[in-house]
Each structure stands twice: as structure tokens, then as C-alpha cells.
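Subject: Structure for your review

Dear colleague,

Please find the sequence and structure below.

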Amino acid sequence: MHQRTGKVIIMKAKDYGLNKQDIIDISDKYMFDIGYRFPIVVEESKDVTIQDIDGEEYLDFFAGIAVNSAGNCNEKVVKAIRDQAEQTLHTSLYPYSVPQAMLAKLICETTGFDRIFFQNSGTEANEAMIKMARKYGVENCNPNRFEIVTAKKGFHGRTFGSLTATGQPDNGCQIGFGPLLPGFIYADFNDLDSFKAAVTENTIAIMVEPVQAEGGVYPATKEFLQGLRELCDEKGMLLLFDEVQTGWGRCGDTMAFMHYGVKPDAVSMAKAMGGGLPLGALVTTEKYSRALNPGSHGCTYSGNPVCCAAGYAQLTEILDRKLADNAKEMGNYFMEQLKTLPDVKEVRGLGLLVGLEFADTDAAAIKVKAMEKKLLVTATSNRIIRMVPPLIITRDDCDRAVSILREAILEVRK
């Protein structure tokens, strides 16, 4: 039964007479098993820390998987959510709304694109981008021109189009879901010749991440992305960038493509743009936006006013506070300090999208040990730790994280 105070449902464990283990047990009983979860019940979060119901405080270098870029429970984002929720919670995509219009204007003018379609998540934004490219090819080129070349070890989401675009056929995210969507070809990341060889007369687009995040934190080279741009121009193909994780300050520039000086034809985005609420988007040019004509695409929650209000507050915080500059500065500092840790094979990254690869130490064990020492990170493989902290971190935060990681590594290697 719900515990109520007046008309408000209380959502703190103590008001239900429950403790930390009770909440974990309830969740494990009723929710799907997704694998390892942090044995932490988050009840409060602020800036670069989160706190569990026992009062334990954790340094957050996870940021809700690169979402809370302006800090956990950023004051302006929280206020925007509260204010908008008191006015209108949901309208559908048919009426206009002020938050939707203002966020659309801000994103298009900041990124240099003409049109935007709001979605609920990164995988949906990628689905929209895939649909747009394929429809453009079939209707404007030839009926068989729907193929898209993507990168091996890339990651684009878990719905069918984006799942098939993910170039990891041996990864568990694809196994058991076949047959997947036809029309995708995989090539080697950062290998222009591999992409050229994969392109056929039926290829309509190339789709890549500027930095492969889930794949192990591998930044693209400038020559590679510039080469893809030239190849797409030569062959009349679209260049699609998945910036779901790399966008909005994460990589040391507003969008990662700006760092490379290469402008794609369309960009997908999500994560940081929602300020903690589910929000994604596809941005593109006027020309390609026409492929998704009325009736060809839709979304019940597209441009939800509360999500858009949160997104507007989040993005203005990122832009006004120049958090991309801080990401660049702190990212460079952090990566230099990480190189001093034991058993480090390589430190990779761009801005505050950072990968730490070990020669022979178990990354998953380090992740767990770091959590026990009150630092939250994640592992993308058995050798790679990935860190995506809020973009507001300081040198002290970096030093503390490095110190905890050093202790964790030494204990795991005993």
C-alpha cells in the first residue's frame, strides 16, 4: 500500500518502514534481471556526489551514464522541472508549447542545423536518423539504396534499427534477437579504406560515433572523419554522427563534431540534453528533414514540455558556464594523472569521456572495489574502465578519484 501524507505519496524508504536491503530485495523480486547493479539505494544527489539511504556519500564519475553533465540535481534544472510541472505535464506532439519551441531554437542555432525532431532517448533518436536516411535513399535515389555502413565496436542503442547498427555481433546485446534488420554493413573504426571497401552502389549513409564510448572509449582521428566527409560528398551519401554520449560539452566542445571541424548531415543526441529527464533528438538540414514527411514518423512524448524545460535549463547551464571548456581542461588533467596508476596499458579519451585500459587487471573487479571505496565508475570490458563524470568536476575531484582507483587496483592485484 502507498504511504500518504495529505495528498503526496512519500517516496523515501523510512516512510514505508523499509531499509536499504528491503528496497534491494523488492527490486530484485519484481524487476527484470539486467546483471550487476551497484548495491546502493540512492535517495539524494547533488553536484558530483550521490548519497544512499544510509547516509553514505559517493563520488559520482558515472553521472547517470553521462546524463547529469551540469551536476546532479542542478538547481536551475530542478526549478525548471518544478515550474513547468505546475503548468503542463504533457500535451502530445500536436499542440505547440513554449519549452518545446525555445529548446528547438536553442539546439538548432547552437549546432548549426535547420530542423529537429524530439524523441525520448538516444536509441530512438538513432532510429529516427536511420529511418530518415533510408527513406531519403529509397525515395530520392533508387529503391535499393537503403544500406548504411557503421563501425565495428560501435554502439547505437537497443531497439531493432539501432541494435543492428551496433557493430558488435558477438556482444550479448545482439545475441538471440535475430534476424536483425537488413541493410547494415560493418567496417573498421578509424580505417578509411575499410569504410571505402564497405560502400556499394546501394549505400545511402555512413553512421559513426566521434568517440566510441561503450566500445571502449576510442576517439576518432581527424583524418578519419574528414575522410568520411569527403567520401560521403563524393558518393552522394549522408554522414550521420551519433552524439548521444559525446554531445553537449562532454568531449571539450559543444558537440564533438565541432572539435574535429567536420560537419555531418545529421546528428542524434540525448543523455546530457535532458538534464536527467528522458529526452533525445535528431537534428539535420532542411533538405534531409523532408524525408520524414507527415505520417512517416511520430512520438507520443515528442517535445514533452517538462522534459524540454529541463533540457533548456541544462543546456543553458552547459553553455553559459562554459562547461565544455572545463571538460577539456579537467579531462586533460585527469588523463595525465591516470597514467600514473599501476598496470595501466593506455589512457584514452576526449574531454571528460575517459577510458582507462589495464594490461592484465580485471576492470570489473576494480569497478566493484572502487564502489566499495565510494567512487562510482563503470567497466566496458574485462580490461577497460569508463568514466563520464559531471562536467563541473575540479582538480580535487580528479585527485580523489585517482587516489581511490590506485587503492582499488592495488587491492585487486594482491
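In strand β19, R386 is the bridge partner of T378; strands here are DSSP runs of E with at least two residues, helices are runs of H or I with at least four residues, and both are numbered from the N terminus. The model is a predicted one, in which local features need pLDDT of at least 70 and side-chain atom pairs count only at pLDDT 80 or more, while totals for chains, interfaces and linings use all residues. Residues are numbered from 1 along each chain as its sequence is written, and side-chain values use heavy atoms, with hydrogens and water left out.

The sheet

A hairpin through 4 residues connects β18 to β19. Together, 4 strands make up an open antiparallel sheet in the order β15-β16-β19-β18. Because β15 and β18 stand at its edges with a single partner strand each, one side of each is left without a neighbour in the sheet.

Further in, β16 and β19 run antiparallel and are joined by 4 bridges, with V354 opposite M387 of β19. V354 is also the bridge partner of G349, within the antiparallel pairing of β15 and β16 over 6 bridges.

In a regular strand, side chains alternate between the two faces of the sheet. In β19, I384 and R386 point one way and I385 and M387 the other, and all are buried (under 20% relative accessible area; exposed is over 50%, partly exposed in between; 1.4 Å probe, protein chains only).

Helix α12

Helix α12 (residues 323-338) has 16 residues and spans 21 Å from first to last C-alpha, close to the 22 Å expected at 1.5 Å a residue (1.5 Å times one less than the number of residues). Its buried residues include L323, M330, Y333 and F334. Among the elements covering the buried residues of α12 are β15, β16 and β19, along with α11 (305-320) and α14 (395-412).

Two individual residues

S289, in helix α10 (residues 286-289), counts as buried because its relative accessibility is 17%. Leaving aside residues up to four places away in sequence, S289 touches R115, M132 and T284 (contact: heavy atoms within 4.5 Å).

I26 lies in helix α1 (residues 20-30) and counts as partly exposed because its relative accessibility is 38%.

Yours sincerely

Notes
Two strands pair if DSSP finds at least two bridges between them.
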